[in-house]
Amino acid sequence: MESSLQITAATPEAALLDLPWRTPLEEWPAEVLAALPRGISRHTVRFVRLGSRVFAVKETRDHYAFREYELLRRLGKLEVPCVVPVAVVTGRADDDGEPLESAIVTEHLSFSLPYRSVFSQSLRPDTATRLIDALAVLLVRLHLIGFYWGDVSLSNTLFRRDADRFAAYLVDAETGDLHRELTPGQRAYDLDLARTNIIGELFDLEAGELLDEDVDAIAIGDALVSRYDELWRALTDVESFSADERWRVDERIRRLNDLGFDVGELAIVTDFDGATVQIQPKVVDAGHHSRRLLRLTGLDVQDNQARRLLNDLDSWRAHADRLNDSEQLVAHDWLVHSFEPTIAAVPRSLRKKLEPAQLFHEILDHRWFLSQNEGRDIPMPEAAVSYVDQVLQHRPDEAMISKDDDEDHDLLLG
Amino acid sequence: MATVTFDHATRVYPGTERPAVDQLNLHIEDGEFLVLVGPSGCGKSTSLRMLAGLEDVNGGRILIGDRDVTDVQPKDRDIAMVFQNYALYPHMSVADNMGFALKIAGTPKAEIRQRVEEAAKILDLTEYLDRKPKALSGGQRQRVAMGRAIVRQPQVFLMDEPLSNLDAKLRVQTRTQIASLQRRLGVTTVYVTHDQTEALTMGDRIAVLKGGLLQQVGTPREMYDTPANVFVAGFIGSPAMNLGTFEVKDGAAQVGSAQIPLERNVIAGMTEADGGKLTVGFRPESLDVVPAGTPGSFQVETNLVEELGSDAFLYGSLKGGVVGELSAGDSDQLIVRIDPRNVPMKGEVINVAIKAGQAHVFSAATGNRLS
């Protein structure tokens, strides 16, 4: 029987029709593929290039494809950092009419770094710590909204530079479930599985001699658990103090802001004689700094990048002696007179190596380094020129990290 | 190894009133393979997750052996969840892929090797232990993934729809493998599926759930031969049992133009709530094609015949009855197994009678078994 190909998508992508859906994904010709590194997956996964965009295609059974598509959409609406689902393709058959597996298509996250490339670049000694911090933040955010991941691993995560840290994105929601609220058992199990998977993945890098010998895989797995617990407690613990220590309410909120979270709702309970106060954050939203920067400047960047930019905005404001002007007005001027000219000072051909906010962050770092060396204030345009010359042009293009020669890591199970 | 006991175990999700699992009482023997089966939303996965420690238990308790684990953390329950989505590590040998969780737990090297070798023997992987996963076939890779759970030597294996993302062929193969492996290992196993065929072919016993309530637990044979209620009768068996609700007159159910005689104790079990009606069920293979006019027989008009070689199933409708009054499963047709060498044409009317002792009779009001 002739089956008919069906593409289910929120926004129609006519170009998807041009892909060779009548061929098993494993046999897709090189000319449609984009050479990007793949994580460890039990399914066949390929990256394809359509025009200027890159998509990830994963073969799976239709029920799972629709389920994951829907989950990713819901996670996106909840503003969780995750890949954007594009379409589900069903009703596939080869030229002999033999049915082929359905596929889910997601948009490739630009400027993202799979863990294998981050580790193999051996950026700084504390790279692992920063990756684990990012994953802990992601896991806490997912758990706060009631998402049970079911298969937390480095392979199911992508990392993006976020100022001097990383931000983690969920790329595989196949085993996940969205609940109203997670039980302690679900959180504990998810975290334990994360620890096991991460250590397993690092053992694997070790076995492949892709990891520095000094890296202690088990310590890194344990670090995730302690970072997660620390953050979870900071965000959810009940805090008690005597009624004359009310400043501790503001203190708690500031601490959460520092961690990058806004407090949407705070429960404050006093005991019967009013001598003791108990507070507990009830609703916390990640993205404190990015929301503030977006409101002030319209720049939509990751949270630590936003923190860095806001700090620069503050010092620019002090420097320009405009502490009494409205914040919005100053922010607009900072954007026009500092941020944009700095980015514009980077030659267009090199600009795609890093996201603009990341470029700005690195130029700020570079300026600090120059100022220290030369013992004077270096203006941003001068710092930008020096940065391009000494740093940027020697760096790889990170918009799309290309595939390493480690070909055999997309092993399939079934 | 251990028994598993659900003792009035109840799970109520926050914000809902009706329990997702309501007072579940179930005792699973040491070494037994128990399948939890039912339609989506019946509470089977929730029950499994309660045992795994992923769902809170809001009432009752859960025991593994004699140990009350109701409030024990998942990782301290000595259970292993077997997943459908294992990925193998490409740079590690098969042995390391199987044993890495033990290495994390700090198990001495010699003991890891010993446990891995034992598991490999059972899994037929001994000669591959020092190779990379790349050298293995799809089925072997799947066994390596099973090996990861086996080397941990848990008291209980938990499996939640482990075959659901395999294609039909591999599903049947893996089904047999898991069942025979479980028997060789003798580890108590709780297995969740929505597929009654999987349940019938794999389980020592099957527990059918619906709406959070345990409907019946028994061996596959018991579930098939003496379903405790209309739901189990319609759920277990493929093709499904024919079921219909009919008037009872003069000690017989009025099926179309036929009278199906009922046993006295069945009639005695009827209550006012039944309103003079009973639900009668019979499996497709429980009918004989008989000459017209045979007492207790009724007429079926042929709509379609599905020929399977060894068998043939006739899909038809009851003559002289209301459409859908007597039907199997979700269809509005009744199903008769017929001789594949003597197949009626579409539109042809055949005369059938229920084989002696093969009718199932249920209360029209409660759905509970009366026969």
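Between chain A and chain B, an area of about 3400 Å² is buried, with carbon and sulfur atoms giving 61% of that area; buried area here is the accessible area (1.4 Å probe) that two parts lose on being put together, summed over both. The model is predicted, so that local features need pLDDT of at least 70 and side-chain atom pairs count only at pLDDT 80 or more, while totals for chains, interfaces and linings use all residues. Residues are numbered from 1 along each chain as its sequence is written, chains are lettered from A and ligands numbered from 1 in the order in which they are written, and side-chain values use heavy atoms, with hydrogens and water left out.

Chain A contributes 42 residues to the contact and chain B contributes 37 residues, where contact means heavy atoms within 4.5 Å. Across this interface the rule finds one salt bridge, defined as a side-chain nitrogen of Lys or Arg within 4 Å of a carboxyl oxygen of Asp or Glu. The bridge pairs R49(B) with D177(A), whose closest N and O atoms are 3.9 Å apart. On the side of chain A that touches chain B, helix α4 (residues 184-207) of chain A supplies the largest share, 16 residues; helices are DSSP runs (H or I, at least four residues) and strands likewise (E, at least two), numbered from the N terminus. By class, that side has 15 nonpolar, 14 polar and 13 charged residues. In this classification Ala, Val, Leu, Ile, Met, Phe, Trp, Tyr, Cys and Pro are nonpolar, Asp, Glu, Lys and Arg are charged, and the others, Gly among them, are polar.

D177(A) also takes part in a salt bridge with R67(A) (2.9 Å, N to O). This pair links distant parts of the chain, since D177(A) lies in strand β10 (residues 177-178) and R67(A) in helix α1 (residues 62-77), 110 residues apart. Over all chains, the structure holds 38 salt bridges.

Elsewhere in chain A, the axes of helix α8 (residues 303-319) and helix α9 (residues 327-344) come within 10 Å and cross at roughly 100 degrees. The two helices are therefore roughly perpendicular to each other, a label for angles of 65 to 115 degrees. Residues making the contact include L309(A) and W316(A) of α8(A) and W334(A) and F339(A) of α9(A).

Two backbone features remain. Most residues other than glycine have a negative phi, and most peptide bonds are trans. F111(A), in the loop between β5 (102-107) and β6 (112-113) of chain A, has a positive phi near 65 degrees. In chain B, a cis peptide bond joins S238(B) and P239(B), with omega about -5 degrees.

Technical notes
Axes are lines fitted to C-alpha atoms, for helices over the stretch in contact, and angles run from 0 to 180 degrees between N-to-C directions. Angles under 35 degrees count as roughly parallel, over 145 as roughly antiparallel, 65 to 115 as roughly perpendicular and the rest as oblique.
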